[in-house]
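Dear colleague,

I am handing over the structure below, and my notes on it follow. Please read them with the coordinates open beside you.

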Amino acid sequence: MEKIEIIRPDDWHVHFRDNGILKAVVPETTRHFARSIVMPNLLPPILNAKQAIEYKKRIENAIPQSDNFEPLMTVYLTEKTSKNDLKDAYNNGAVFAVKLYPAGATTNSDSGVKNITKIMPVLEMMAKIGMPLLIHGEVTDPNIDIFDREKVFIEQNLDFICKQLPELKITLEHITTTDATEYVKEGNKNLAASITPHHLALNRNALFVGGIRPHNYCLPLLKGESHRKTLVDAAVSGNPKFFLGTDTAPHLTKNKESSCGCAGIFNATYCLSILAQLFDNENSLSNLEKFISINGTYHYNLKVNNEKITMVKKAEALLFRKYLYIGKQRIEIFKPDFPVFWSIAN
Ligand code: DOR
Ligand code: ZN
């Protein structure tokens with residue numbers, strides 16, 4: 001049996017939701033990860049320090065006693081966000097980062113930003129104090145093809161922000177294209193990107209295998225195979241600009257299997273096994289630790305975790321549980337279309 005020991009990982013992008021879903025999904029993340037950046041796109045969104053502190057308490061109440069886990073909170077940037085409140089929230093430790101959703105880009109993003117120039121004073125302040133900006137990088141213009149929206153966001157918005165504020169710490173989240181990968185590689189030192197397990201595992205064909213597959217629907221959409229390959233190369237390369245953000249995004253099955261299904265893939269349960277398998281398939285297991293446990297901590301100026309986890313490769317493929325139950329309701333657990341032999345031993 002093959003075995004690897006690695007520094008306990010962090011997940012730099014999770015959706016915990018609230019109430020019953022929160023209680024069910026939090027342990028799926030805290031079982032393995034030491035820290036996570038928690039997205040603020042609740043309904044209504046987390047807009048200020050007070051709401052972030054209250055939300056953090058609800059998350060902490062859902063962490064099993066056996067798990068040692070720190071949620072890092074974010075606020076949802078709007079054109080009305082107060083610069084001074086945000087500065088205080090960062091300086092007193094209530095809020096770790098700010099999330100920029102272009103209005104209408106994804107789940108619960110209606111209160112997001114329409115006009116980037118309106119938020120420049122807030123971003124300037126963030127650059128000065130070192131507060132990270134997390135970006136959902138897609139334009140929302142219905143005239144732009146949905147597969148091109150990440151590329152166009154980079155051209156129309158991200159490039160402007162990076163040039164105006166090279167000192168601003170930016171994470172281009174859940175990148176999906178060669179365009180984004182190249183832009184981040186060549187960009188200034190404060191620009192990095194997170195990558196999800198599902199964008200590494202699947203290409204857009206997975207949306208239409210013998211019929212429409214709502215459980216593979218996420219935003220940004222899965223892209224073509226050449227883009228997926230570029231993402232895999234970036235992830236396994238060990239390049240410090242790329243790290244894990246699972247974007248684990250639970251939705252009840254009934255809301256995914258619908259005439260207007262929600263975007264989001266719930267991948268928390270097996271994400272580390274899937275990533276180990278992906279890295280193994282690329283003969284790059286020696287860089288797994290960089291991607292899941294080290295690179296993100298450098299970008300966010302944090303210390304790497306002290307604890308270790310052990311992963312083992314078994315002869316038999318892992319059997320995936322299909323659902324996470326919330327009372328009588330359920331959430332589909334992400335499973336890739338290749339066998340996974342790795343699991344976590346401790
Ligand atoms: O697929 C996604 N789901 N992408 C996002 O950007 C949001 C997320 C969610 O909140 O469900
Ligand atoms: Zn997300």
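Along the chain, the donors of the zinc ion (ligand 2) follow the spacing H-x1-H-x231-D. Please keep in mind throughout that this is a predicted model. The coordinating atoms belong to His13 (NE2), His15 (NE2) and Asp247 (OD), at 2.0 to 2.1 Å. Because His15 lies in the loop between β2 (11-14) and α1 (19-30), and Asp247 in the loop between β9 (242-244) and α9 (253-256), the pair ties together parts that are 232 residues apart in sequence. Both His15 and Asp247 are buried.

Helix α8 (residues 225-237) has 13 residues and spans 18 Å from its first C-alpha to its last, close to the 18 Å expected at 1.5 Å a residue. Its buried residues include Arg228, Leu231 and Ala235, and the buried residues of this helix pack against α6 (178-186), β8 (191-195), α7 (197-201), β9, α10 (271-281) and α11 (288-299). Just after α8, Gly238 takes a positive phi of about 85°.

There is also an open sheet of 3 strands, in the order β1-β10-β13 and with antiparallel pairing. β1 (2-7) and β13 (342-344) stand at the edges with a single partner strand each, so one side of each is left without a neighbour in the sheet. Strands β10 (residues 308-313) and β13 are joined by 3 bridges, and Lys313 has Trp342 in β13 as its bridge partner. Helix α10 packs on the sheet, touching β10 and β13, and its direction makes about 140° with that of β13, whereas α11 lies across β1 and β10, running at about 25° to β1.

Best regards

Definitions and conventions. Residues numbered from 1 in each chain as written. Chains lettered and ligands numbered in written order. Predicted model: local features only at pLDDT ≥ 70, side-chain atom pairs only at ≥ 80, totals over all residues. Heavy atoms only, no water. Donors = N, O, S within 2.8 Å, 3.2 Å for Na, K, Ca; no water. Helix = DSSP H or I, 4+ residues; strand = E, 2+ residues; numbered from the N terminus. Buried < 20%, exposed > 50% of the residue type's maximum accessible area, 1.4 Å probe, protein only. Expected span 1.5 Å × (residues − 1). Contact = heavy atoms within 4.5 Å. Pairing = 2+ DSSP bridges. Axes fitted to C-alpha atoms, helices over the stretch in contact; angles between N-to-C directions.
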